[in-house]
Amino acid sequence: MAKDEPGAERAAPARPEVEAPPQRHEPPPEVGGGVSLLLAVAAALAAAIGGWSSIVQDAGSDTWHRAIREQVKQTAGAVEDIRFVYNEEATQALQVAEARILEEELRTEAETVDGLAQRLLLVEAEAQRELADSLSSASEIAADPRYLQPDGSYDVMQRLADNRAQIPELLELRPDATEDEGSRLNVRSTLLTLSTVPVAVAFLCGALVFGFPRRRRTLVNAGWVFVALGLVAAAITGVAI
Amino acid sequence: MDVETAAAGASARTARFRRWLAVLVGTAAITASLLAAMESDSGRREELAFVRASRSSLDIFSKIAGSTPRTQFQANGIRSALETGIEATARLIHASDADQEVFRLVVPVGSAQERASNRMVGVVRQMSRVPPDAPIDPVTRDLVTADLAAIRADLQVQNAQVDLADRYGTRQERAMFAIALVAISAVLLGLAGLIGGGRTGRVTLVVAAVALLLALGWGASAFLV
């Protein structure tokens, strides 16, 4: 350090050799305004593409989150419908079916006997019929003849389908398709980010002019080519994908 | 070495310094853009894996909740039908100990109950069935018919997605650290440019180059995760 200082040079004025003359104030090579423009455009384009990529990424992220919300909504609706149909409606319908079956069997048995036994069976059968009628009036499945099957059972699947159809918006939800849409947006965002690589190469070309001023024209031209490449790549990604 | 020779040497060093500075600045720009793309892509993949893991968790719990009512309905219905059958059998057993008149009254009731019990089991099975042509939507069908194997498969998917998210998270963190190193390198390059081609400037340039190399190495190591 001491030899760079002026005082040090004055202390040995007779020395014929110096090892390192001052370099700090040597001006940089003149590279022209074209390089500055290239660097500025490259930086601005990279920032613009980066910003665009962020916006697309945010939209993709929101779409993925929407897929989760849709699935929560869809499955919550389905689970509640399933619970209601099997735990409430089908259970009651089964009690009706059981009462009707027992009534039928008691009447069938009553035909094989006579006297007091027959009267007792018919009374029991009538009691079961009353029970079935009372229960069926409060049961959506048992009260609707559309659900009654030939074997005395009820079409629970049809009832479940009818219940699900009451809120058609839930049936129209497609969380898988929404997730795919989010993935498509995110692929676009990644490709946009990659579009900044040619722009960075253009920046490299511009920077190299300072190190290789004799190749200024070639480097600047190459830089503009890379800027155009980055721009085209970003435009194609943004429009076509 | 005379003054002219020394000045010529210094000029050559300055030119070399500028070349290295230019190359490193450009390389830093390219490295930054590549690392930014990698960081961004890893972040997105991590998020997608978390989204899929969340959806698999939802699948697991909704399948448990959606399949239970049908199996409970079937179990309760069959239990109820069997109770009727057991009651019929018990009635017949105890009627045999009673007098003839009571036996004549009780046996037909027991027989009717026994046949009803068998029919009831069939009705419960029929009402619990999910036929292939059932008019329900695919989501409801998946939930109603879910069994332990389906839930286990979802659990495996969920665990795999969490592992994947963990992997991409690590990759993203490495890319972020590499970007930080590029930023440090860029600052040092700017400083070297300001200082000039003297000894201090050259040392700063070397440190910047080392930081850039570290950034490249650290960024590349993310692919080993």
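## Close-up views of chains A and B

**View 1. A salt bridge joins R119(B) and E105(A).** Their side chains meet with N and O 3.0 Å apart. The model shown here, as in every view, is predicted. Between chain B and chain A the count is eight salt bridges. Polar contacts between these chains number 18 residue pairs, both residues at pLDDT 80 or more. Three elements of chain B each give two or more residues to the side that touches chain A: α1 (3-95), α2 (100-128) and α3 (138-145). The most comes from α1(B), with 41 residues.

**View 2. Chain B meets chain A.** Here 75 residues of chain B are in contact with 76 residues of chain A. About 6300 Å² is buried between the two chains. Carbon and sulfur atoms give 65% of that area. Within chain B, the residues that lose the most area to chain A are R44(B), R55(B) and M127(B). Together they make up 12% of what that side buries.

**View 3. Two rings pair in chain B: F177(B) and W218(B).** Over all chains, the structure holds two aromatic pairs. In this one, the ring centres are 5.4 Å apart and the planes stand at 75°, so the pair is edge-to-face. F177(B) belongs to helix α4 (residues 148-195) and W218(B) to helix α5 (residues 199-221), 41 residues apart. F177(B) is partly exposed, at 44% relative accessible area. W218(B) is also partly exposed, at 37%.

**View 4. Arginines sit over rings in chain B.** R174(B) lies over the face of W218(B), 5.5 Å from the ring centre. The charged end of R167(B) sits over the ring of Y168(B), 5.8 Å from its centre.

Notes: Residues are numbered from 1 along each chain as its sequence is written. Chains are lettered from A and ligands numbered from 1 in the order in which they are written. This is a predicted model: local features need pLDDT of at least 70, side-chain atom pairs count only at pLDDT 80 or more; totals for chains, interfaces and linings use all residues. Side-chain values use heavy atoms; hydrogens and water are left out. Rings of Phe, Tyr and Trp (its six-membered ring) pair if their centres lie within 6.5 Å; planes under 30 degrees apart count as stacked, over 60 as edge-to-face and the rest as tilted. Helices (H or I, at least four residues) and strands (E, at least two) are DSSP runs, numbered from the N terminus. Buried means under 20% relative accessible area, exposed over 50%, partly exposed in between (1.4 Å probe, protein chains only). A charge sits over a ring if NZ of Lys or CZ of Arg is within 6 Å of the ring centre and within 35 degrees of the ring normal. Contact means heavy atoms within 4.5 Å. Buried area is the accessible area (1.4 Å probe) that two parts lose on being put together, summed over both. A salt bridge is a side-chain nitrogen of Lys or Arg within 4 Å of a carboxyl oxygen of Asp or Glu. A polar contact is a pair of N or O atoms within 3.5 Å; within protein, one must be able to donate a hydrogen and the other to accept it, and residues adjacent in sequence count only if both atoms are side-chain atoms.
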